[in-house]
Amino acid sequence: MPLLEVDNLHIGLQTQRGPAQAVRGVSFSLERGQTLGIVGESGCGKSITVMSLMGLLPATAKVTGSIRLDGQELIGQPESAMCQIRGNRIGMIFQEPMTALNPVHTIARQVGEPLRLHRGLTAKQARAEALNLLQRVGIPDAASRLDAYPHQFSGGQRQRIGIAMALACGPDLLIADEPTTALDVTIQKQVLDLIQNLVAEMGMALILISHDLGVIANSVQRMLVMYGGSVVESGPTRALFANRAHPYTKGLFAARPVIGAPKGQRLATIRGSVPELVDLPAGCPFAGRCSYTVDACQSTRPPAVMLPDDHAVRCIRLGEIAEIEAEAAA
């Protein structure tokens with residue numbers, strides 16, 4: 001049995017313009033020890049998808065489908081039950097290290113809190129374990145900094161503290177939502193290496209959200225490409241990087257800066273802009289921005305087309321596009 005199974009997940013939100021579908025039919029599974037990356041533009045549904053796993057959606061959100069953790073259905077669980085899962089069986093590293101920590105509590109109290117709540121440790125025991133965790137994630141001179149406050153640490157150190165909090169109870173699943181946002185390149189690599197090493201050491205499953213395709217390429221075994229609340233392409237990371245099939249995925253990769261490109265050369269862009277949720281077409285969410293759009297794309301939800309290596313793509317014109325591009329390249 002997979003550790004995590006998400007099946008036909010739909011999330012509806014209330015907006016100023018009326019109800020809108022923020023997540024539309026997302027399905028995936030994750031085995032113990034497996035790593036999964038999620039990529040896509042801002043607003044594509046990455047973060048709200050993982051927030052649904054934690055039960056952290058707005059009270060007015062309407063959720064249908066299924067989310068099972070070790071066979072236990074999470075959708076519809078009371079808040080008391082989700083409190084036993086959050087921070088215990090599912091840990092999360094939040095996107096912004098500058099705001100993820102409570103500014104009025106010491107680091108010892110914040111790192112030790114999940115240990116007191118979920119493991120029943122005394123304050124003294126939790127403090128000792130908090131020290132071990134801070135040392136493990138590389139906080140220098142951790143013993144003398146237990147009673148320090150978040151503002152007394154750098155951005156990279158705050159992100160390490162966030163990792164320590166997420167790992168405190170040894171969760172089965174770790175979610176990292178843009179864990180290197182606002183960090184410089186050197187610190188980014190240190191944080192990503194730390195996450196990978198700890199995940200491998202503790203045998204956890206990992207969901208990593210990132211805009212950085214290089215990070216995804218080097219960090220996860222499988223990946224999902226999301227757009228408009230839907231998964232448009234998925235599969236093993238190597239297979240997807242080697243054979244990008246969906247027009248949106250190709251557009252994302254084409255927009256990457258290339259080392260050695262001529263000075264002044266403009267980056268490729270995806271035409272148009274991301275529509276508001278209420279304006280998404282009923283069919284393929286990328287219809288309209290895609291240069292291969294036909295009328296059927298607007299109304300027909302594309303089924304998953306399986307390619308070699310467990311690589312799935314949702315595009316009703318997949319074969320035609322391949323032929324058009326082959327002729328253009330000839």
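## Basis of the model

This is a predicted model, in which local features need pLDDT of at least 70 and side-chain atom pairs count only at pLDDT 80 or more, while totals for chains, interfaces and linings use all residues. Residues are numbered from 1 along each chain as its sequence is written, and side-chain values use heavy atoms, with hydrogens and water left out.

## The sheet

Four strands, in the order β2-β1-β4-β5, make up an open sheet with antiparallel pairing; the edge strands, each pairing on one side only, are β2 (18-30) and β5 (72-73). Strands (E, at least two residues) and helices (H or I, at least four) are DSSP runs numbered from the N terminus, and two strands pair if DSSP finds at least two bridges between them.

Strand β1 (residues 4-15) is joined to β2 by 10 bridges, and T15 has G18 in β2 as its bridge partner. Helix α1 (residues 46-54) packs on the sheet and touches β1, β2 and β4 (62-69), where contact means heavy atoms within 4.5 Å.

## Helix α3

The 13 residues of α3 (residues 107-119) should span 18 Å at 1.5 Å a residue, and this agrees with its end C-alpha atoms, which are 18 Å apart; the expected span is 1.5 Å times one less than the number of residues.

Note on methods
Axes fitted to C-alpha atoms, helices over the stretch in contact; angles between N-to-C directions.
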